[in-house]
Amino acid sequence: MNTPSDTSTGAAGCLLAGFGAATAALAWAPRAAVNIDGGFEGHARDLSVLVIDLPLVLLGGALVPLLAWAMTTRWVGRPWIATLAALAALALGVWGLLEWWTPRQPPHPGYGHGI
């Protein structure tokens, strides 16, 4: 049987997953903007970042804190410690995303944004 505590604990996990997906997408968007708008006359447009990279970033952003939260809840049994562990895992995941992932950018032909 589900108790009110189990239901609220499950809702907290879903909220953490949604928060993680939104945070990962917001961290990803500024780097992907160059490939989406393409720069001057669209010479660097690469929409594969929307088809390939965005779903992976959203999935990773949702699963990393959710899995950290679920494992910590199972091992420790205290939801506030699990929440801290999930937020720490999300912070490390976003940091790893920003350190590791950089979209392909061809060299500028001598002009930047806003001539």
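This is a predicted model: local features need pLDDT of at least 70, side-chain atom pairs count only at pLDDT 80 or more; totals for chains, interfaces and linings use all residues.
Residues are numbered from 1 along each chain as its sequence is written, and side-chain values use heavy atoms, without hydrogens and water. Local features need pLDDT of at least 70 and side-chain atom pairs count only at pLDDT 80 or more, while totals for chains, interfaces and linings use all residues.

The helices α2 (48–76) and α3 (79–100) each supply at least two residues of the pocket lining; helices are DSSP runs of H or I, at least four residues, numbered from the N terminus. Their axes come within 8 Å and cross at roughly 150 degrees. Therefore α2 is roughly antiparallel to α3 (angles over 145 degrees count as such). The crossing of α2 past α3 is right-handed.

The largest pocket holds about 270 Å³ of space. Of its 14 lining residues, L56, V57, G93, L97 and W100 are the closest to its centre. Lining residues have an atom within 4 Å of a point of the pocket.

The table gives residues by class; Gly counts as polar.

| Contact of α2 with α3 | 14 residues | four residues | no residues |

How values were computed:
On a 1 Å grid over the protein atoms alone, a cavity is a set of points where a 1.4 Å probe fits but cannot get out, and a pocket is an open set with protein on both sides within 12 Å along at least five of seven lines; lining residues have an atom within 4 Å of a point. Grid points are joined across faces, edges and corners, and a volume is the space filled by probe spheres set on the points. Axes are lines fitted to C-alpha atoms, for helices over the stretch in contact, and angles run from 0 to 180 degrees between N-to-C directions. Angles under 35 degrees count as roughly parallel, over 145 as roughly antiparallel, 65 to 115 as roughly perpendicular and the rest as oblique. A crossing is left-handed if the near helix is turned anticlockwise from the far one by less than a right angle, and right-handed if clockwise.
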